[in-house]
Amino acid sequence: MHSVISASGERMKKTVANLREGFAALRTGRASASLFDKIKVDCYGDKSPLNQVANISVPEARLIVIQPWDKGIIGDIEKAIRSSELSLNPSNDGKLIRISVPPLTEERRRELAKVAKNQAEQSRVAVRNIRRDGNDELKKLLKDSELTEDEESKNTEELQKLTDSYITQINQVLEEKEKEIMEV
């Protein structure tokens, strides 16, 4: 039953994609527009994602410029950034919001590296749980005589190889993020 393997593979792929997404929101010492992906601005009686009400650019390594499409909501954008968990201090000149991204302290870098390791570990656990679900499904198919023992064994091996490959990807993504966090 190759569908068990492909379904498990898809779920594992999503797990790695979610990890990358989570890492994008982790602040490093470098300016990045993706820091604001989860920020919602309270404007027009609704909460809108920041990137849908303003243009976010990174002209320098430690500077982010946010240009609202409607100058009337600049205060709302500033408020949303200040109340976020990013610990950034926006300055507003009436047209643009400039945010200087300060370098991280050694202690803060270590904390962020620890957060990244925890997120990676959760992803590894998720991938192993997907493998377990796949193995359970294969055993059920064997029990229902929809698979021979050889097919079940071959598919179990394939599922393990898939798991190993995704765990390796998670480790590589973590290594890249740790390097990015720790660079001064």
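Trainee: In which helix is the place of Thr15?

Mentor: This is a predicted model, in which local features need pLDDT of at least 70, side-chain atom pairs count only at pLDDT 80 or more, and totals for chains, interfaces and linings use all residues. Residues are numbered from 1 along each chain as its sequence is written, and side-chain values use heavy atoms, with hydrogens and water left out. Helices are DSSP runs of H or I with at least four residues, strands are runs of E with at least two, and both are numbered from the N terminus. Thr15 lies within residues 2-24, which form helix H1.

Trainee: Is Thr15 buried or exposed?

Mentor: Buried means under 20% relative accessible area, exposed over 50%, and partly exposed in between (1.4 Å probe, protein chains only). Because Thr15 has 12% relative accessibility, this residue counts as buried.

Trainee: Which residues does Thr15 touch, not counting residues up to four places away in sequence?

Mentor: A contact means heavy atoms within 4.5 Å. With residues up to four places away in sequence not counted, Thr15 touches Ser123, Ala126, Val127 and Ile130.

Trainee: What share of the contacts in the protein chain with a separation of 6 or more comes from residues 24 or more positions apart?

Mentor: The contacts considered here have a separation of 6 or more. Among these contacts, the share from residues 24 or more positions apart is 65%.
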